Amino acid sequence: MVIDPFVGAGTTVAAAKMLNRNYIGVDISRDAVKLTSDRPVSVKIQKEEETLNEAVSKQVRASRVKQCSYMILVRPHIDYLNIFDFNAIPDNMHIIDSYEVEMDELMGEWKRNGQDFSGLSRDVLPNAQKA
């Protein structure tokens, strides 16, 4: 059972529904509850073997079939071999980077700027490469 006491746009309930879990979504705002029931949300986590382009294409197709009006895609890794045009993302799709992706991009930026982060522990930066 998934209980979301702050349902907002309904992302947690949409994920629970996709995973065939029982769920309850509650919110103090009647508008949020109405939005959740009126606007189905499609949530997808990019698979390890998928490029971002493939994940976006699959989610767009699935959302058309399910008649979802909003899409959320979680990006757990960076595609180094596939360049993705972020301008091609549909207006009703939001891509969320995982913590690991955010840290990898930050570390890459630090390296490009010549900043030294070798003294930081892997506990603080779990996916960081030692300089």
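The values given here come from a predicted model. Q59 has its place in helix α3, and, once its neighbours within four places in sequence are left aside, Q59 is in contact with S42, V43, K44, M71, I72, L73 and M93.

## The nonpolar core

The largest nonpolar core is made up of 10 residues, namely L52, A55, V56, V60, M71, L73, F84, I89, M93 and I95. Two or more of these residues come from each of the elements α3 (52–66), β4 (70–75) and β5 (93–97), and the element that gives the most is α3, with 4 residues.

V56, one of the members of this core, is in contact with L73, F84, M93 and I95 when its neighbours within four places in sequence are left aside.

## The sheet and the helix across it

An open sheet of 3 strands is present, in the order β3-β4-β5 and with parallel pairing. Its edge strands are β3 (41–45) and β5, each of which pairs on one side only, and neighbouring strands are turned against each other by 15 degrees on average, with direction ignored. The parallel pairing of β4 with β5 extends over 5 bridges, and V74 stands opposite I96 in β5.

Helix α3 lies across β3, β4 and β5, and runs at about 155 degrees to β4. Helix α4 (residues 99–112) also packs on the sheet, where α4 touches β4 and β5, and the direction of α4 makes about 70 degrees with that of β5.

## Helix α4 and its buried side

With 14 residues, α4 reaches 20 Å from its first C-alpha to its last, which is close to the 20 Å expected at 1.5 Å a residue. Within this helix, V101, M103 and M107 are buried. Because these residues cover an arc of only 165 degrees around the axis, they are placed on the same side of α4, and the buried residues of α4 pack against β4 and β5.

After α4 comes G114, a residue whose phi is positive, near 75 degrees.

## Summary

Definitions and conventions
Residues numbered from 1 in each chain as written. Predicted model: local features only at pLDDT ≥ 70, side-chain atom pairs only at ≥ 80, totals over all residues. Heavy atoms only, no water. Core = buried A, V, L, I, M, F, W, Y, C linked by side-chain atoms within 4.5 Å. Buried < 20%, exposed > 50% of the residue type's maximum accessible area, 1.4 Å probe, protein only. Contact = heavy atoms within 4.5 Å. Pairing = 2+ DSSP bridges. Axes fitted to C-alpha atoms, helices over the stretch in contact; angles between N-to-C directions. Expected span 1.5 Å × (residues − 1). Arc of directions from axis to C-beta.
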